Amino acid sequence: MTTVRPTAKKPSLLARARTPRKPMLWFEIVLIAVSYWLYSLVRNAVPQEKALALRHADWVWDTERRIGIGVEHAINHAVNKVTWLIVGMNYYYATLHFIVTIGVLVWLYRCHPGRYISGRLALFATTGIALIGFYFFPLAPPRLMEDAGFIDTVAVHHTWGSMSQGSAASVSNPYAAMPSMHIGWSTWCATMIACFARHPWAKALGILYPVATLLVIISTANHFWTDALGGLICLGIGFAFSYAWFGSFPWQLPQYIERRNPDPG
């Protein structure tokens, strides 16, 4: 007599989407490219309300000084006196934001495929939340405040990297300073490195990365330090979204995806 085994119920599309899986290289390249294009498109499509952005900047700066935490002006002027340092910071601001983030994504993909998709989702969610901040709270960076006395270090030292100058000004929104994605992305990188890197020196460098980035964004007058706080809040929401989707944080997932054995029946 032949025993008929019950057919296992096939998981739904939603259930499969919420299960960590091995990432596919071609899909990830396309997804990241399209996502960044959409992010740039939406960010730069936010109405460039200069007057409102400058009023918000005045309010932030006045509030910080009133409660005794307005340190950006002093740091900006002090670091600007050391030419080699501020020039290096200008290039740091313009390049590492993208290079390090992409590098960490590639490292996760190659060495931690079981954690990659959850980590990538946290980064994408963080960036998506930031777009809401750009839209509802346009904010001018300190360097564009007309009467506050901040130094635009890119303009003074003639380095490249300012998206509000030259031909780039027509395709970039300079009034999207809150929240700071330089801090959101760098802290995401630091979290991934601190959790998954093998060597203590690598973990230490990862942790120092957002600290250095905070000093850079203030020294170059591209952000208030409260913008950095906004970036951290967005990152917290991003990780919460990833946890809600997968039921685990990236560091709670296995390094590799276990291969499922085919049904022997």
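Okay, let's begin with a term: contact, in this talk, means heavy atoms within 4.5 Å. With that in hand, look at threonine 126, which touches Met181, Cys234, Leu235 and Gly238, leaving aside its neighbours within four places in sequence. I'll come back to that residue.

Some ground rules. What you see is a predicted model, where local features need pLDDT of at least 70, side-chain atom pairs count only at pLDDT 80 or more, and totals for chains, interfaces and linings use all residues. Residues are numbered from 1 along each chain as its sequence is written, and side-chain values use heavy atoms, with hydrogens and water left out.

So, the overall picture. The protein has 10 helices and zero strands; helices here are DSSP runs of H or I with at least four residues, strands are runs of E with at least two, and the numbering goes from the N terminus. Along the sequence that reads α-α-α-α-α-α-α-α-α-α. Of the 265 residues, 43% are buried, and buried means under 20% relative accessible area, with exposed over 50% and partly exposed in between, using a 1.4 Å probe and protein chains only. If you take the contacts with a separation of 6 or more, 84% of them join residues 24 or more positions apart.

Now to helix H6, residues 113–136. How far apart should its ends be at 1.5 Å a residue? The 24 residues should span 34 Å, and the end C-alpha atoms are 36 Å apart, which agrees. The expected span, by the way, is 1.5 Å times one less than the number of residues. Of those 24 residues, 18 are buried, so H6 is largely enclosed by the rest of the structure.

Who are its neighbours? I'll go through H5, H8 and H10. Two packed helices are described by the angle between their axes and the distance between the axes. The axes are lines fitted to C-alpha atoms, for helices over the stretch in contact, and the angles run from 0 to 180 degrees between N-to-C directions. Under 35 degrees counts as roughly parallel, over 145 as roughly antiparallel, 65 to 115 as roughly perpendicular, and the rest as oblique.

Take H5, residues 83–111. H5 and H6 pack at about 150° with their axes 6 Å apart, so the two are roughly antiparallel. Thr101, Leu105, Leu108, Tyr109, Arg110 and Cys111 of H5 make the contact with Pro113, Tyr116, Arg120 and Leu123 of H6. By class that is seven nonpolar, one polar and two charged residues. For the classes, Ala, Val, Leu, Ile, Met, Phe, Trp, Tyr, Cys and Pro are nonpolar, Asp, Glu, Lys and Arg are charged, and the others, Gly among them, are polar.

Next, H8. H6 and H8 pack at about 165°, axes 10 Å apart, which makes this pair roughly antiparallel. Their crossing is right-handed: a crossing gets that name if the near helix is turned clockwise from the far one by less than a right angle, and left-handed if anticlockwise. On the H8 side the contact uses Met181, Trp185, Trp188, Met192 and Phe196, and the H6 residues include Arg115, Gly119 and Phe134. That contact has nine nonpolar, three polar and two charged residues.

Then H10, residues 225–246. The axes of H6 and H10 come within 7 Å and cross at roughly 135°, so the helices are oblique to each other. The crossing is right-handed. Among the residues that meet are Ile117, Leu121 and Ile129 in H6, and Phe239, Phe241 and Trp245 in H10. The count here is 13 nonpolar, four polar and no charged residues.

Back to threonine 126, which lies in H6. Buried or exposed? At 0% relative accessibility, threonine 126 counts as buried.

A bit more on H10. Its 22 residues should span 32 Å, and the end C-alpha atoms are 32 Å apart, which agrees. Its buried residues include Thr226, Asp227 and Ser242.

Last, two loop residues. Threonine 220 sits between H9 (200–219) and H10, and at 1% relative accessibility threonine 220 is buried. Not counting residues up to four places away in sequence, threonine 220 touches Asn76, Ile86, Met89, Asn90, Tyr93, Arg143, Ile151 and Thr153. Proline 174 is in the loop between H7 (153–157) and H8 (181–196) and is buried too, at 17%. From proline 174 to glutamate 49 is 125 residues in sequence, but 10.0 Å in space, C-alpha to C-alpha.
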